Amino acid sequence: MSRRLFFNPLTGLFFRLTAKPYRRRRKAPAGPEVESLRAKAKADLPPRLARLAEEHGFHYNKVFIKNNLSNWGSCSSLGNINLNLRLVTLPQELQDYVMLHELCHLKYLNHGQEFHALLESVCPGHRELARRMKQYKIQ
Ligand SMILES: [Zn+2]
């Protein structure tokens, strides 16, 4: 990443040319608090994910509990689902929303219309739940 400053004579401002967002990625915290969340997440989330998958006919490969600050969950093209250990701090309906969202990515690895239609069928009112997620920052 270039940290060189360039001058724009039209605006009179300096600017940077960067390939990645300028803001540095925060490092996910570690420590006893995180470890206790991780223990809870490992106990609670995989069984809940398995139950939701069974209920709605999804088949995933593996589930991993992650300590990161960039997302609540993700789904890989290998059919693996990653869940943020901080999910256990959210209300149950939002935990379920995130898990169902990732399960739907097993069928659609995008956020297109078909993805949203599928998610709505397994998680009615999902757009409202997505709005509620915005009040929870990963930290
Ligand atoms: Zn998504």
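User: How many bridges join S3 to S5, and do they run parallel or antiparallel?
Analyst: In this predicted model, S3 and S5 run parallel and are joined by four bridges. Within that pairing, Val63 stands opposite Ile81 in S5.

User: OK, and what about S4 and S5, how many bridges there?
Analyst: Three bridges join S4 to strand S5, residues 81-84, and these two strands run antiparallel. Here Ser74 is the residue that stands opposite Asn82 in S5.

User: In what order do the three strands form the sheet, then?
Analyst: The order is S3-S5-S4, in an open sheet with mixed pairing. The edge strands are S3, residues 63-66, and S4, residues 73-75, each of which pairs on one side only. From one strand to the next, the twist averages 15°.

User: What's in the hairpin of S4 and S5, and which residue takes a positive phi?
Analyst: Five residues lie between the strands of that hairpin, and Gly79 is the residue with a positive phi, near 85°.

User: Switching to helices: which strands does H1 lie across?
Analyst: Helix H1, residues 32-56, lies across S3 and S5, and its direction is at about 150° to S3. Helix H2, residues 92-104, lies across S4 and S5 instead, running at about 15° to S4.

User: And which residues have the most contacts inside the largest nonpolar core?
Analyst: That core has 22 residues, and the ones with the most contacts inside it are Ala41, Leu45, Leu83, Leu87, Met99 and Leu100. H2 gives the most, with six residues. As general background, nonpolar side chains in soluble globular proteins tend to be buried together.

User: Take Leu45, what does it touch?
Analyst: Setting aside residues up to four places away in sequence, Leu45 touches Ile65, Leu83, Leu87 and Val88.

User: Why does Asn68 count as partly exposed?
Analyst: Asn68 counts as partly exposed because it has 16 C-beta neighbours inside 10 Å, whereas being buried would take 20 or more and being exposed would take 12 or fewer.

User: Zooming out, how many helices and strands does the chain have?
Analyst: There are four helices and five strands, and along the sequence they follow the pattern β-β-α-β-β-β-α-α-α.

User: What share of the chain do buried residues make up?
Analyst: Of the 139 residues in the chain, 21% are buried.

User: And what percentage of the contacts join residues at least 24 apart?
Analyst: Taking contacts between residues at least 6 apart in sequence, 47% of them join residues at least 24 apart.

Methods: Residues are numbered from 1 along each chain as its sequence is written. This is a predicted model: local features need pLDDT of at least 70, side-chain atom pairs count only at pLDDT 80 or more; totals for chains, interfaces and linings use all residues. Two strands pair if DSSP finds at least two bridges between them. Axes are lines fitted to C-alpha atoms, for helices over the stretch in contact, and angles run from 0 to 180 degrees between N-to-C directions. Two residues are in contact if their C-beta atoms, placed from the backbone, lie within 7 Å. A nonpolar core is a set of buried Ala, Val, Leu, Ile, Met, Phe, Trp, Tyr and Cys residues joined through C-beta atoms within 7 Å.
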